[in-house]
Amino acid sequence: MDNLYIEISESSLIRNINNLRSLLSVKVKAFAVVKANAYGHGIDQIVTILERHGNLVDGYAVHSLTEALSLYNNGVSKPVLIMGYVPKSSLEEVIDKGFHFVLYNLDALKKVEDIVSKNRKKPFFHLKIETGTGRQGIDQQDIDRFIEIIKPNSSLQPTGIYTHFANIEDSTRHFYAKEQLEKFVRMCDRFESEGIKIPIRHTACSAAALLFPESHFDMVRLGISMYGYWPSRETLLSFSQRFNKIDVNGFLKPLLSWKCRVSQIKNIEKGEYIGYGLSYKTTYPSKIAILPVGYSDGYDRKLSNNSWVLIGGERAPIRARICMNITLLDVTHIPEISVEDEVTLIGKSGTEEVTADTLASLSDSINYEIVSRIAHHIPRYIVD
Ligand SMILES: *Cc1c(COP(=O)(O)O)cnc(C)c1O
């Protein structure tokens, strides 16, 4: 029996993707973004589910070569796109394994040209265009150089071209995203006018996929929404205004439940301090439960004295400072509690629910950070 564990709902994942796909026209591909251990859900578990249901997604997007290799070693045959920087010394392996990868600097392009001239394998590279996010991407002034190199070389043709939005989650006003989209279209046209045909154009993360059909092009990259969370309140609000025929409640359902078991229960007198730093003093005779979870597991220290968990459908407040592997709870109002009882840190219990959004607002964060920081060492199980 595990002290600390995660359950992943297979049916919710399938449902979310089907709902998201209902917003896409049939020819648009959907790549599942499984970077950061599948946003903390467990890359192996998420990929296992998606491979079981072969048509749900058309490929995977990861950040690093290491993540791509873990998919490769698990026998994944769908395309895997590496979105983060690939060191030049790893390009040969990336091309050899048939991974899709991002290209945005001339040095790397020349290295690819060099590799391809020797080993004759097709490189599946996607040009990343800088349109205003100020992260990785080809700057407008370098485009000519890229074209000069690519145009005459038939074995150096891009598989994809893409960009990423800077301000699509954080606002209900989308003028900046529209400007980025216009720049992107101009760039695509530029390549096209040079006779360079790029089969997969893509710009959309979850928020864009949800809100803007004009951002879908040939493919979308689905991250947070696939895991059942809205990218932000603003996205939810914009979505419910734009698609007022769709019931937003239940359109996306979180798949992750984070649970643990009580490791000790003790009775504490009124007026005693508990925990590091004496940050909590009991104001009544209290029953305190000890949980085997702490900040090293990804349970944020900002939740100290500031949040709650669920036990048998009841809320139990967190008392004192969250420690590295231990958290204290007030369970005075739950007389029937015993050691090894199940506790829900994220998820539903009875009619109550703690979501990643709840924890995000209590710890001044976002749902993305809450789930992606849940430690890798915690076992994850696929349920229903
Ligand atoms: C992480 C990431 C995504 C997914 O974003 P969500 O908002 O989680 O859907 C898409 N594109 C790129 C380039 C990313 O890095």
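Analyst: The largest pocket is lined by 25 residues, and Trp230, Ser232, Arg233, Asp357 and Asn367 are the ones nearest its centre. Here the search runs on a 1 Å grid over the protein atoms alone: a pocket is an open set of points with protein on both sides within 12 Å along at least five of seven lines, a cavity is a set of points where a 1.4 Å probe fits but cannot get out, and lining residues have an atom within 4 Å of a point. Helix 10 (233–242), helix 11 (356–362) and helix 12 (367–372) are the elements that give two or more residues to the lining of the largest pocket. Helices (H or I, at least four residues) and strands (E, at least two) are DSSP runs, numbered from the N terminus.

The model is predicted: local features need pLDDT of at least 70, and side-chain atom pairs count only at pLDDT 80 or more, while totals for chains, interfaces and linings use all residues. Residues are numbered from 1 along each chain as its sequence is written, and side-chain values use heavy atoms, with hydrogens and water left out.

The largest pocket has a volume of about 680 Å³, a volume being the space filled by probe spheres set on the points, which are joined across faces, edges and corners. Its lining divides into 10 nonpolar, eight polar and seven charged residues. In this count Ala, Val, Leu, Ile, Met, Phe, Trp, Tyr, Cys and Pro are nonpolar, Asp, Glu, Lys and Arg are charged, and the others, Gly among them, are polar.

The ligand, however, sits in the second largest pocket, meaning that more than half of its atoms lie within 2 Å of the grid points. That pocket holds about 500 Å³ of space. Its lining has 21 residues, with Lys35, Tyr39, Met83, Arg135 and His164 nearest the centre. By class, nine are nonpolar, seven polar and five charged.

Around the ligand itself there are 13 residues, and Lys35, Tyr39, Ser206, Arg221 and Tyr368 come nearest; a residue counts as near if one of its heavy atoms lies within 4 Å. This shell has six nonpolar, three polar and four charged residues.

Polar contacts are pairs of N or O atoms within 3.5 Å; within protein, one must be able to donate a hydrogen and the other to accept it, and residues adjacent in sequence count only if both atoms are side-chain atoms. The side chain of Tyr39 has a polar atom 2.5 Å from a ligand oxygen, and an N or O atom in the side chain of Lys35 is 2.7 Å from an oxygen atom of the ligand. Taken alone the ligand exposes 390 Å², of which the protein buries 93%; accessible areas come from the Shrake-Rupley method with a 1.4 Å probe, and for residues, only the protein chains shown count as cover.
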